[in-house]
Amino acid sequence: MEPPYKPTHIRAWRKERGMTMMQLALKAGMHQGHLSKLERGLMPYTQQSLERVAQALRVTAGALIDTVPTKK
């Protein structure tokens, strides 16, 4: 079953950075449940939420939508 909202690559970037969901949520200043729903496409993202997560992951907000991280 497809998620109801456009998927992002937040989970892939989080794993690439070696962060737990709790670590990223704290660094982005949001609840873990909110982040979980964003990762799974169960909640629509806003520009503000993408920017907060992107800053915490040290990537652009656009990368969270358009770019899958590559392993080095």
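Colleague: Is the crossing of H2 and H4 left-handed or right-handed?
Modeller: Happy to start there, and please keep in mind that this is a predicted model. Helix H2 covers residues 21–28 and helix H4 covers residues 47–57, and their axes lie 8 Å apart. The crossing of these two helices is right-handed.

Colleague: At what angle do H2 and H4 pack, and is that roughly parallel or roughly perpendicular?
Modeller: The two helices pack at an angle of about 115°. Angles from 65 to 115 degrees count as roughly perpendicular. H2 is therefore, relative to H4, roughly perpendicular.

Colleague: Which residues make the contact of H2 with H4, and how many of them are nonpolar?
Modeller: From H2 come Leu-24, Lys-27 and Ala-28, while H4 brings Arg-52, Val-53, Ala-56 and Leu-57. By class, 2 of the contact residues are charged and none is polar. The number of nonpolar ones is 5.

Colleague: How is H2 placed against H3, roughly parallel or roughly perpendicular?
Modeller: The axes of H2 and H3 come within 9 Å. They cross at roughly 110°. That angle makes the arrangement of H2 and H3 roughly perpendicular.

Colleague: Which residues of H3 make the contact with H2?
Modeller: On the H2 side you can find Met-21, Met-22, Leu-24 and Ala-25. Sorted by class, this contact has 5 nonpolar, 2 polar and 1 charged residues. The partners on H3 are Gln-32, Leu-35, Ser-36 and Glu-39.

Colleague: Is Met-21 buried or exposed?
Modeller: Met-21 is found in helix H2. Leaving aside neighbours within four places in sequence, Met-21 is in contact with Arg-14, Gln-32, Leu-35, Ser-36 and Glu-39. The relative accessible area of Met-21 is 16%, and the cut-off is under 20%, so Met-21 is buried.

Colleague: How far apart are the C-alpha atoms of Met-21 and Ser-36?
Modeller: Along the chain, Met-21 and Ser-36 are 15 residues apart.

Colleague: Is Ala-54 buried or exposed, and which residues does it contact?
Modeller: Ala-54 sits in helix H4. At 3% relative accessibility, Ala-54 counts as buried. Leaving aside neighbours within four places in sequence, the contacts of Ala-54 are Val-59, Thr-60, Ala-61 and Leu-64.

Colleague: What does Val-59 touch?
Modeller: Not counting residues up to four places away in sequence, Val-59 touches Trp-13, Arg-17, Ala-54 and Leu-64.

Colleague: What is the phi of Arg-58?
Modeller: Arg-58 lies in the loop between H4 and H5. With 60% relative accessibility, Arg-58 counts as exposed. Most residues other than glycine have a negative phi. Arg-58 is not a glycine, yet its phi is positive, at about 60°.

Colleague: Where does Pro-4 lie, and which residues are in contact with it?
Modeller: Pro-4 lies in the segment before H1, and at 58% relative accessibility Pro-4 counts as exposed. The C-alpha atoms of Pro-4 and Leu-42 are separated by 6.0 Å, although these residues are 38 apart along the chain. Leaving aside neighbours within four places in sequence, Pro-4 is in contact with Gly-41 and Leu-42.

Key: Residues are numbered from 1 along each chain as its sequence is written. This is a predicted model: local features need pLDDT of at least 70, side-chain atom pairs count only at pLDDT 80 or more; totals for chains, interfaces and linings use all residues. Side-chain values use heavy atoms; hydrogens and water are left out. Axes are lines fitted to C-alpha atoms, for helices over the stretch in contact, and angles run from 0 to 180 degrees between N-to-C directions. Helices (H or I, at least four residues) and strands (E, at least two) are DSSP runs, numbered from the N terminus. Angles under 35 degrees count as roughly parallel, over 145 as roughly antiparallel, 65 to 115 as roughly perpendicular and the rest as oblique. A crossing is left-handed if the near helix is turned anticlockwise from the far one by less than a right angle, and right-handed if clockwise. Contact means heavy atoms within 4.5 Å. Ala, Val, Leu, Ile, Met, Phe, Trp, Tyr, Cys and Pro count as nonpolar, Asp, Glu, Lys and Arg as charged, and the others, Gly among them, as polar. Buried means under 20% relative accessible area, exposed over 50%, partly exposed in between (1.4 Å probe, protein chains only).
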